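Work through the exercises below with the sequence and the model side by side, and try each task before you read its solution.

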Amino acid sequence: METISENASHGGVQGVYRHRSSVCACDMTFAVYLPPQARAARVPVLWYLSGLTCTHENAMVKAGLQGHAALAGLALVFPDTSPRGPGVADDEAYDLGQGAGFYLNATRAPWAPHFRMFDYLLDELPEVLAGHFPLDMERQGITGHSMGGHGALTLALRHPERFRSLSAFAPIANPTESDWGRKQFNAYLGEDRVSWAGYDASLLVAEHGWHSDILIDQGAADQFIDLLRPEALAAALAARRTPFVFRMQPGYDHSYFFVETFAGDHVAWHAERLGA
């Protein structure tokens with residue numbers, strides 16, 4: 001693992017690192033924030049998955065999570081949103097290819113050799129983290145924004161044994177019925193919609209529910225709200241009788257101003273459920 005940078009932040013350390021991924025068959029960059037409490041003991045982990053066009057850096061710089069995490073004693077992990085580099089398939093569109101991995105395992109050419117973000121986040125990156133940082137991997141929570149909210153929900157709903165806490169900011173909530181989903185699933189997975197269902201939070205909730213409660217924040221003035229389909233997720237949670245808090249925030253759009261405004265609420269949500 002290569003250290004790209006480390007900077008003091010709120011009494012802790014914000015680092016950026018690179019390693020060779022065997023799952024994605026390329027170099028992958030990620031960021032970790034260690035709160036000051038990590039100098040004395042292993043600390044719980046909150047994953048933050050970013051949205052379309054983002055890298056590890058967007059939320060690390062814009063979301064304002066570090067101050068809240070330092071107070072709560074939580075580590076933050078900011079993965080990249082896709083594999084990158086020479087030889088990795090890409091597309092001219094912003095919503096397909098590099099920067100738009102959709103946190104799934106692609107099965108179709110030319111995407112399949114590299115676009116395996118689901119397995120990368122589920123298995124490989126946690127092993128890297130456990131081997132290099134003072135993290136309590138028995139206490140993990142996950143959140144994310146937009147495409148990252150979709151990734152957080154699908155990873156947790158499919159692997160509840162891994163995550164104790166779950167939240168999302170304006171997630172792509174029903175991608176099988178949205179142009180932010182159908183296009184990418186066709187490209188990455190093919191036309192068989194059965195394979196799509198494992199990456200749709202609304203369908204997963206309807207089938208499995210969730211072992212705890214879920215926090216969702218959605219901007220009421222979000223310019224992409226018709227693509228996100230929050231009503232489908234809310235209906236699925238209610239029908240399954242899964243405990244949830246779904247806050248429609250008046251006046252807020254899809255930007256990082258929205259995420260930063262409610263970041264403290266989400267960190268506190270996870271800290272309480274992770275016993276931080």
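**Exercise 1.** Is Ala232 buried or exposed?

*Solution.* The model is a predicted one, in which local features need pLDDT of at least 70, side-chain atom pairs count only at pLDDT 80 or more, and totals for chains, interfaces and linings use all residues. Residues are numbered from 1 along each chain as its sequence is written, and side-chain values use heavy atoms, with hydrogens and water left out. Begin by locating Ala232, which is found in helix H9 (residues 230-240). Its relative accessible area is 15%, and buried means under 20%, exposed over 50% and partly exposed in between, with a 1.4 Å probe and protein chains only. Ala232 is therefore buried.

**Exercise 2.** Find which residues Ser82 is in contact with, leaving aside its neighbours within four places in sequence.

*Solution.* Start in the loop between strand E5 (75-79) and helix H3 (117-132), where Ser82 is found. Contact means heavy atoms within 4.5 Å, and the residues that Ser82 touches in this way include Met28, Gly97, Gly99 and Phe115. For Gly99, the backbone nitrogen lies 2.7 Å from a polar atom of the Ser82 side chain.

**Exercise 3.** Describe how helices H4 and H7 are arranged.

*Solution.* Two packed helices are described by the angle between their axes and the distance between the axes. For H4 (residues 147-158) and H7 (residues 201-208), the angle is about 25° and the axes are 9 Å apart. Angles under 35 degrees count as roughly parallel, and H4 and H7 are therefore roughly parallel to each other. Their contact is made by Leu153, Thr154, Leu157 and Arg158 of H4 and by Ala201, Leu204 and Val205 of H7.

Notes:
Axes are lines fitted to C-alpha atoms, for helices over the stretch in contact, and angles run from 0 to 180 degrees between N-to-C directions. Helices (H or I, at least four residues) and strands (E, at least two) are DSSP runs, numbered from the N terminus. Angles under 35 degrees count as roughly parallel, over 145 as roughly antiparallel, 65 to 115 as roughly perpendicular and the rest as oblique. A polar contact is a pair of N or O atoms within 3.5 Å; within protein, one must be able to donate a hydrogen and the other to accept it, and residues adjacent in sequence count only if both atoms are side-chain atoms.
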